[in-house]
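Please have the sequence and the model at hand.

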Amino acid sequence: MSFASWLDFLYPPACALCRDPLSEGCYLCDGCRADLPRIEKPFCIQCGEHIEGFVPEDVLCSQCRGCEFSFEFARAAGSAHDRARELMHTYKYGRQIHLHRELASLAREVWDDPRIATQTDPAWVIVPVPLHWRRQQWRWFNQSYEIAKTLAQMQGLRLEHPLRRIRNTTQQSLLSRAGRLANLRGAFRLSGRELRRKSVQNQPVLLLDDVFTTGSTVEECARILIQEGGAEKVVVLTVLRG
Ligand SMILES: [Zn+2]
Ligand SMILES: [Zn+2]
């Protein structure tokens, strides 16, 4: 029995948000699922941030103008507010690992974006953002890996882990965007295992993380996947947008 299914067994099925009892294998009721705040159109074609007002569909937000990214674009299914934030918080810090399935189904909603849905030949390779082993030990699991694994199963895609996090970074929240990127240099590396290193060569990669805040972590991962791993391109997919 895997750690995840062991926890499923341990937690009786009830809605993680309103505690209503549910049938087996479900941890979010229909009402709470529908209530999670989604990123609605229009959104920035680069970073996926919702843009207020009536704007054309191919617009860049003010933060992305003049910015260069290694990844093609980023999409998030939900916004990291209200109950979506609560759900993610319960999952990550409350160690409710069984919620990975609900979060993967939320992430799956971005397949309504033709830029993601039409990439079928070759199909996406899903790569989770790795955690430093020390943080993983403390949290018991890598939140992004669990979601990525389930999403890969749901969509029939290959999951690979060519990246390793070799340095735990200090608090990012007080730094500017440039400061965050500098702080992350050298935090990730390609895996030492040859098969893993080569797993994304010439492949389109969907890089999966739980929350997109400034994008500096996924930017650093995307840069390594392309420059060192030889990925054809990287698109960032997160469950939530901060
Ligand atoms: Zn509920
Ligand atoms: Zn943007």
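How many bridges join strand β2 to β6? Strand β2 (residues 125-128) and β6 run parallel and are joined by 4 bridges. This is a predicted model, in which local features need pLDDT of at least 70, side-chain atom pairs count only at pLDDT 80 or more, and totals for chains, interfaces and linings use all residues. Residues are numbered from 1 along each chain as its sequence is written, while chains are lettered from A and ligands numbered from 1 in the order in which they are written.

**Sheet**
- The open sheet has 5 strands in the order β1-β7-β6-β2-β3, with parallel pairing (strands are DSSP E runs of at least two residues and helices H or I runs of at least four, numbered from the N terminus; two strands pair if DSSP finds at least two bridges between them).
- β1 (74-79) and β3 (158-159) are at the edges with a single partner strand each, so one side of each has no neighbour in the sheet.
- β1 is joined to β7 by 5 bridges in parallel, and Ala76 has Thr238 as its bridge partner in β7.

**Strand β6**
- In β6 (residues 204-212), 7 of the 9 residues are buried (20 or more other C-beta atoms within 10 Å of the residue's own, with C-beta atoms placed from the backbone).
- Leu206 in β6 stands opposite Ile126.
- β6 pairs with β7 (residues 233-241) over 8 bridges, in the parallel sense; Leu207 has Val236 as its bridge partner in β7.

Key
Buried ≥ 20, exposed ≤ 12 C-beta atoms within 10 Å, placed from the backbone.
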